[in-house]
Amino acid sequence: MNFTLKPLARSLGLAAALLLAATSLQAQNKGGTLRYAAISEPAPLDVMLTTAGVSVAIGMHIFEGLYTIDSKYVPQPMLAEGETISDDGKTIVITLRQGVKFHNGKEMTSADVVASLNRWGKFGVRGKLLMEKATSLEATGPYEVALKLSEPNGAWKSLLATIEGGPAIYPSEIADKATDKPIEQTDYIGTGPYKFGEWRPNRYVELVRFDDYVARSEPGDGYAGKRVAYFDKVQFIPVPDVGTRVSGVQAGDYDYSETISGDLFDQLAADPSVVIHRAGVPLFGLFFMNSKEGILKDNYALRRAIQMALGKDQAMRVSFGPEALWKAQGSIFPPGNFWYSEAGIEAYNQHDAAKAKEMALAAGYDGTPIKLLVSTNYQAHFDQATVFVQQLAEAGINVQMNVVDWATLLKMRGEPSQWDIFVTHHGVPPDPILVTFLNDGYPGWWTSPEITALKKEFTGTADLAKRKEVWDRIQALFYEQVPAMKVGDGYAFDIISPKLDGLGETTVIWPTFWNASFK
Amino acid sequence: MLSFIVKRVLSMLLSLVVASVIIFAFIHLIDGDPVYIMLGDTATPEQADALRRSLGLDQPIFVQYVLWAERVLHGDLGTSLFFQAPVTTAIRDGAETSFLLASLTMVWIVLMGVPIGMIAAMKHGSWLDQGLSGVAMMLASVPTFWVGLNMILIFAVWLQWFPSSGYPSIFEDGGLANLRYLLLPSLTLAAPNAALILRLTRASMLDVAREDYVRTARAKGLKPWPVVTRHIFRNALLTVVSAFGFTFAALLSEAVVTETVFALPGIGRLVVQSIQNRDYPVIQGIILVVVVIYLVINLIVDISYRLLDPRVELQ
């Protein structure tokens, strides 16, 4: 009897689940304008070229790539249907979804993909990581492209799934003529659920729902799966003052305000007029060491002495406030992430001034001032640097802070003679190969023979278990050679209006305004 | 007369050239450049160099100046590196907000500063005078951003009478009703300035009140009110009105903080943001326009002086 009832029960259960899903879908209303208070005006929205925060947050609604990441940071197909890889890992054939429309009405085909990947490989901010080793890229059919590499790249899918500075697919006529300059506003044509509307300087960037959007069928997960645009329009409004971003949501003038300061967390958590939207994935501060020039070049022992002096938890408390917003942990990737590793992390948070002093002396440190370059545009950077300078002084290590604005810092850090340590922060990328300290062209210039060999090993295989094992060794080397010091995981928080639906807990960096609506 | 005008115009053009060189040099002398802000933190120096080349920022500064000056002479102030629209459009858009904000602020300043100043002067030395002067001192000393944030909290968040921030143009949906967006910012900006005008009105009325003709007016039996309105106020107003001019000009530059707190798309915020981003065409364009406005006003003033008084010579 049981035997016969089980399938029936199962079908009933399925029917109930479908009904529930249908009701919950019906519950989401189409319409309205979502007003997003952003910290600043964006840079141009050419997402292939830029990793600038606000630009990416906006651009990812307009443009899509062949792949994207799900809530666990695993690459999933977006414009791609699937792929086959040759046994030697050097030929990747990607089939495309059919019937996908660009915002100008044209259907996306392999010609657009080839043109876009070529442009990304040549000029994209992260394009060289994959395309440098490409021997050919061809359209092998209207909905099929073949990428041939001179050596296998285990991170290929993660690289194609990257949102910021990643290979978005542009129409071929736009990608073909695009150079290393950002594309014009008239060329902001993608395949995303929202299309570019207008950009009024200092007022807003407006996106409009793309009614011909062809969604995937899988349920939404992270950035992957089905995307449904419910809002008629989404406006990204620059609101530089954090107090105004908060009041704006409380007063009902904005529906979403990004990057609220930690000292307001407890107060806002108790405020029924707003809902706290804490990032599920951290940003982490990085203090880069100069491996090209100056007192810290090749002096790994002195770098370890510096790290020994630092109490990262103190810096995190000062810069982030409530403990709900930070975690002083040493793995580059956060707990729960596939790439989380405990290799080397015992050196992360020692805070032992006496031992640091001893180690510094042994490393030949003679009291020469160490030049620390930091900007005040990010309050957390400055707070962390101030704590560390004090801790280092207790260990007899003399640090001179050079405080400049962000634009100046970005210029100065490219000149090795100007600094010994500079301060920045980093997000959690889809693949470790995208972490900036592994990019030997990035200021810091970590190019020791050990890391060069490990990187080759890391990208040379597609076997995840093997790659994870190499990553453990890379992280151990990170604590041994100290190309940069991790400060800790800081969780930014945004506030949203209680009127919004569908913006639940998230583990991805940028908020997405598809699958979200007004109640 | 013609030679006077020609000489004056020539000297103005010379000033303009000198000013444009100074503007250009100073802006490009600030460290940092726009390319990293455009590309983001991940870009390598090689990528930044490539973009710098494409934008022509690797050229010697005088070459960049000549190219820019040539475009300006053709009426083209260039295109923003960030929002990719003509600088003239951005200036026009920002000018509307800034001008309306300053005008509305002036209305509050006149409506609050002058009458209250008059009352304080008439009740000179009384508790009312002391109280009003105290409030004025407080308003003049409190930082604008603090007043602004409290205005938002009280009138936008708690009472919900006015919008908290932003400003859609009066030429868009909503029309003149959109001026309500400027009410809280203009009151915020008016507070310290109204306090100053109040004190100025009070002081100059007290000065005038000590003049002989006021004593004469009183001596011939005029009632107190006509003495105040016809004799004291009218004469005291001369000083106050001349201060309005300076105040209006000062409002345009003081507005930066208010524009930031209320997220208004005004010129002040446009300049500050463009400096942070090193959006050279926008900074150069705005400063040049301001310089031209000042030079033209000076020219008109000089010419009208000459028309009014032919003895004025060009030195």
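User: How many of the 7 residues of β17(A) are buried?

Analyst: β17(A) is mostly covered, with 5 of its 7 residues buried. Buried means 20 or more other C-beta atoms within 10 Å of the residue's own, exposed means 12 or fewer, and partly exposed is in between, with C-beta atoms placed from the backbone. Strands (E, at least two residues) and helices (H or I, at least four) are DSSP runs numbered from the N terminus. This is a predicted model, in which local features need pLDDT of at least 70 and side-chain atom pairs count only at pLDDT 80 or more, while totals for chains, interfaces and linings use all residues. Residues are numbered from 1 along each chain as its sequence is written, and chains are lettered from A and ligands numbered from 1 in the order in which they are written.

User: Which strands pair with β17(A), and in which direction do they run?

Analyst: Strands of a sheet pair through backbone hydrogen bonds, either parallel or antiparallel. Here two strands count as paired if DSSP finds at least two bridges between them. Strand β13 (residues 283-289) of chain A runs antiparallel to β17 (residues 421-427) of chain A, and 7 bridges join the two. Along this pairing, Gly285(A) is opposite His425(A), and Leu286(A) has Thr424(A) as its bridge partner. With strand β15 (residues 370-375) of chain A, β17(A) has 2 bridges and runs parallel. There, Leu373(A) is partnered by Phe422(A).

User: What is the strand order of the sheet, and which strands form its edges?

Analyst: Reading across chain A, the order is β14-β18-β13-β17-β15-β16, an open sheet of 6 strands with mixed pairing. The edges are β14 (326-327) and β16 (399-404) of chain A, each of which pairs on one side only. Helix α10 (residues 312-320) of chain A packs on the sheet, where it touches β14 and β18 (484-490) of chain A, and its direction makes about 50° with that of β18(A). Such angles run from 0 to 180 degrees between N-to-C directions, and axes are lines fitted to C-alpha atoms, for helices over the stretch in contact.

User: Why is helix α9 of chain A described as largely enclosed?

Analyst: Helix α9 (residues 300-309) of chain A is largely enclosed by the rest of the structure because 7 of its 10 residues are buried. The buried residues of α9(A) are Leu302(A), Arg303(A), Ala305(A), Ile306(A), Gln307(A), Met308(A) and Ala309(A). Their cover includes β13, α11 (353-362), α12 (379-394) and β18 of chain A. Contact here means C-beta atoms, placed from the backbone, within 7 Å.

User: What does the secondary structure of chain B come to, and what are its overall dimensions?

Analyst: Chain B has 12 helices and 0 strands. Its C-alpha atoms fill a box of roughly 85 × 65 × 35 Å along the principal axes. The radius of gyration of chain B is 25 Å, whereas a compact globule of 315 residues would have one near 20 Å; the value is taken over C-alpha atoms, and the globule rule is 2.2 Å times the number of residues to the power 0.38. Of the 315 residues of chain B, 36% are buried. Of its contacts between residues at least 6 apart in sequence, 71% join residues at least 24 apart.

User: Where does Arg218(B) lie?

Analyst: Arg218(B) is in helix α9 (residues 212-219) of chain B. Arg218(B) counts as partly exposed because it has 14 C-beta neighbours inside 10 Å. Its C-alpha atom is 62 Å from that of Pro281(B), which is 63 residues away along the chain.

User: At what angle do α10(B) and α11(B) pack?

Analyst: The angle between α10(B) and α11(B) is about 80°, with the axes 7 Å apart. That makes α10(B) roughly perpendicular to α11(B); the classes are roughly parallel under 35 degrees, roughly antiparallel over 145, roughly perpendicular from 65 to 115 and oblique for the rest. Ser253(B), Ala255(B), Val256(B), Glu259(B) and Thr260(B) of α10(B) meet Gly268(B), Arg269(B) and Val272(B) of α11(B). This contact has 3 nonpolar, 3 polar and 2 charged residues, where Ala, Val, Leu, Ile, Met, Phe, Trp, Tyr, Cys and Pro are nonpolar, Asp, Glu, Lys and Arg charged, and the others, Gly among them, polar.

User: How many residues of chain A are in contact with chain B?

Analyst: 45 residues of chain A are in contact with 49 residues of chain B. On the chain B side, α3(B) gives the most, with 7 residues. The chain B side divides into 25 nonpolar, 17 polar and 7 charged residues.

Conventions: Contact = placed C-beta atoms within 7 Å.
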